[in-house]
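User: I am new to this structure. Could you walk me through it in short steps?

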Amino acid sequence: MIDSIIESVATVEQAPAKLNLALHVRARRADGYHDLETLFAFARDGDTIAVAPAASASLTIAGPFATGLGAGPDNLVARAAVAFCTAFAPAAAHAITLTKRLPVASGIGGGSADAAATLRALARLHGVPADDGRLVAIAVALGADVPACLYGRACFGSGRGDSLVPLDGLGEMPALLVNPGVAVSTAAVFARWDGVDRGRLGEGDTLARAIAGRNDLQPPAEAIAPVIARAVALLAAQPGVVLVRMSGSGATCFALFGDAAARDAADRAVAATEPGWWRLRRGAIDNMMRKEGTGRSHRAARLGAVAA
């Protein structure tokens with residue numbers, strides 16, 4: 001009901017969860033970032049951003065994971081809004097509502113996705129083309145994952161992860177996301193990376209590259225939060241699983257399945273074994289953002305590319 005009211009008066013964009021199907025860390029950089037190679041995909045469901053013209057700027061945070069999130073100027077959504085207004089000088093201020101459905105500090109790009117959705121919503125509200133180079137420049141300045149979240153489709157990322165090449169997605173492949181309820185610091189995980197370059201991502205189709213790949217941040221994340229290893233093991237034990245991996249710097253883990261029945265059975269098994277863990281089994285992307293021009297949530301259970 002609340003979502004429908006918001007949609008009727010505001011420009012609404014989905015901020016879908018980001019998945020790193022594989023993540024190879026190649027080297028530490030002098031600027032504090034890391035050179036890496038990664039395969040990005042996106043879950044259809046996630047957070048929601050609603051933007052409406054207002055007399056003064058505001059940010060309101062609601063939803064099941066709103067607790068503990070500050071709405072001050074350091075919030076990535078607020079920073080994205082300020083950067084947009086600086087670049088494009090719209091006449092109105094904006095009231096922004098972030099509905100936080102994704103766990104915080106969980107390796108699925110929540111803050112980055114929220115910032116990217118804010119840029120998309122503001123651009124749509126003010127008639128700025130989605131391919132305006134200033135939007136990309138803002139995204140790059142906000143953080144390494146924001147350009148991929150702004151792009152919003154399956155892609156290969158290199159450099160900091162913000163040099164992007166489109167990929168074929170995973171089509172109708174069912175997915176299950178699980179978070180064991182721990183927040184993991186990205187900086188702490190990268191600091192524990194052992195510095196060993198274990199090689200580049202291979203060639204082939206997206207799924208083959210993902211299966212042959214790895215997440216170099218998974219071992220240091222498991223050292224910080226051993227429950228991640230338990231989540232991976234629980235997913236890997238499910239019948240019909242094709243790929244299990246931690247996403248990003250954790251602690252969210254994902255499993256890809258050969259069919260929806262196997263995915264649904266795995267969801268039930270995880271719920272029975274670990275009823276307190278967060279789960280998302282509606283994870284796929286067909287780009288409801290660009291294809292339909294709204295951010296409304298369309299329930300699906302697939303992972304794949306966004307239609308350009």
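User: How many residues of strand 2 are buried?

Analyst: Strand 2 covers residues 34-54 and is largely enclosed by the rest of the structure. Strands (E, at least two residues) and helices (H or I, at least four) are DSSP runs, numbered from the N terminus. Buried means under 20% relative accessible area, exposed over 50%, partly exposed in between (1.4 Å probe, protein chains only). Of its 21 residues, the number buried is 18.

User: What is the basis for these values?

Analyst: This is a predicted model, in which local features need pLDDT of at least 70 and side-chain atom pairs count only at pLDDT 80 or more, while totals for chains, interfaces and linings use all residues. Residues are numbered from 1 along each chain as its sequence is written, and side-chain values use heavy atoms, with hydrogens and water left out.

User: Which residue in strand 2 is the bridge partner of N20?

Analyst: Two strands pair if DSSP finds at least two bridges between them. Strand 1 (residues 11-28) and strand 2 run antiparallel, joined by 15 bridges. They form a hairpin with five residues between them, and G32 in the turn has a positive phi of about 95 degrees. The partner of N20 is F40.

User: Which residue in strand 4 stands opposite V51?

Analyst: Strand 4 (residues 93-99) pairs with strand 2 in the antiparallel sense, over seven bridges. Opposite V51 stands I96.

## Helix 10

User: How far apart are the end C-alpha atoms of helix 10?

Analyst: Helix 10 has 14 residues, 260-273. The expected span is 1.5 Å times one less than the number of residues. That should give 20 Å, which agrees with the model, where the end C-alpha atoms are apart by 20 Å.

User: Which exposed residues does the face turned away from the buried side of helix 10 carry?

Analyst: A262, R263, A266, D267 and V270 are buried in helix 10. They cover an arc of only 140 degrees (directions from the helix axis to the C-beta atoms), which puts them on the same side of helix 10. The face turned away carries A261, R268 and A272.
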